[in-house]
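This report examines selected parts of a protein model. Please look at the sequence and the structure before reading on.

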Amino acid sequence: INAEYMGHFLSVYFFSPHGMEAEFATSSAPAGDAGSEYADYKPVFTAVFESEEVLVLNKPHDVRIDGDFDVTVERVLPQLFPRYSGTFADGQRKHLRFCHQLDYATSGVLCMAFSRRSAGRISRCFEQRTAVKTYLALVYGWPPPGDRQLEWPITEDPTDERGFRMCIGTPSNPGRAARTLVRPCAWGRHGEHRATLVELQPRTGRRHQLRLHCRAWGHPIVGDYTYSLDGRSNIQRMMLHAWKLELPIPFEGAQFSSNNTTVFSTDDPLSEFLSPETVNGFHHDHSNCEWCTPQTSLVV
């Protein structure tokens with residue numbers, strides 16, 4: 001199906017009986033948050049899971065979920081998934097409700113509900129910290145293997161007049177406690193630079209938490225123009241991806257883990273940007289590692 005939407009060429013095609021994938025051809029799209037542009041970026045929208053009341057989307061990077069912009073998840077969804085427009089059988093109007101947030105530059109699992117009841121159930125999982133989110137990131141440097149906790153408080157950056165940036169807390173501007181679990185998975189190079197693929201689990205929900213914790217750890221995220229001062233190469237995206245979401249709610253037809261938790265996950269889009277190397281005698285095969293399967297979580 002070919003169509004034009006808000007001046008953007010749209011191509012939609014089915015890839016499974018329950019899913020849909022679409023591409024928007026845009027003239028340019030910023031990488032990270034700094035507005036670096038590159039031509040002919042085509043964000044692809046893919047359904048990870050669909051039911052009558054819930055849609056889990058693999059959000060493309062550099063796409064906002066809502067707001068007054070030409071291409072947002074909120075704007076394109078009725079075109080891509082018309083079944084979520086209109087009303088339910090009982091006459092209740094279907095209305096898009098985001099159950100959580102993803103930054104503009106971050107790709108990956110995004111959960112939406114179309115009834116108040118479903119939205120409430122899922123949103124409570126995030127409010128009560130029973131939802132487990134696992135991200136993949138490509139960071140600079142070669143951290144040693146092994147799980148670790150990153151704990152630095154996060155607060156608003158008083159030097160940013162826009163009120164957008166955050167920073168690590170100080171005695172005079174302490175902010176709020178924040179904790180992230182991290183596991184290095186594969187070592188190698190991105191271009192000429194040492195880089196590592198890591199798994200990240202935020203155990204608190206501060207704005208830009210993962211990006212700030214990686215920078216404070218000494219391993220900033222590749223392509224994060226806001227926090228890593230990344231001018232080392234022509235990087236077309238921030239290498240942060242919401243890879244897996246686990247919810248303690250059953251969904252018929254969804255994947256379950258061993259503890260009867262629903263697992264929504266995507267493919268790994270970041271390993272292709274890493275040229276693997278053996279570092280200090282340690283080589284990790286990310287594609288065949290049981291740690292890296294969607295059914296396994298980081299150990300607290």
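Where is the place of histidine 241? Histidine 241 lies in strand β16; strands (E, at least two residues) and helices (H or I, at least four) are DSSP runs numbered from the N terminus.

## Basis of the report

The model is predicted, so local features need pLDDT of at least 70 and side-chain atom pairs count only at pLDDT 80 or more, while totals for chains, interfaces and linings use all residues. Residues are numbered from 1 along each chain as its sequence is written, and side-chain values use heavy atoms, leaving out hydrogens and water.

## Histidine 241

Histidine 241 is buried, with a relative accessible area of 1%. Buried means under 20% relative accessible area, exposed over 50%, and partly exposed in between (1.4 Å probe, protein chains only).

The side chain of histidine 241 makes a polar contact of 2.7 Å with that of serine 107 and one of 2.6 Å with that of threonine 266. A polar contact is a pair of N or O atoms within 3.5 Å; within protein, one must be able to donate a hydrogen and the other to accept it, and residues adjacent in sequence count only if both atoms are side-chain atoms.

## Strand β9 and its partners

Serine 107 stands opposite histidine 241 in β16. Strand β9 (residues 107-113) pairs with β16 (residues 240-247) in the parallel sense over 2 bridges; pairing requires at least two DSSP bridges between two strands.

With β7 (residues 54-59), β9 pairs in the antiparallel sense over 6 bridges, and valine 56 stands opposite cysteine 111 in β9. In β9, 7 of 7 residues are buried.
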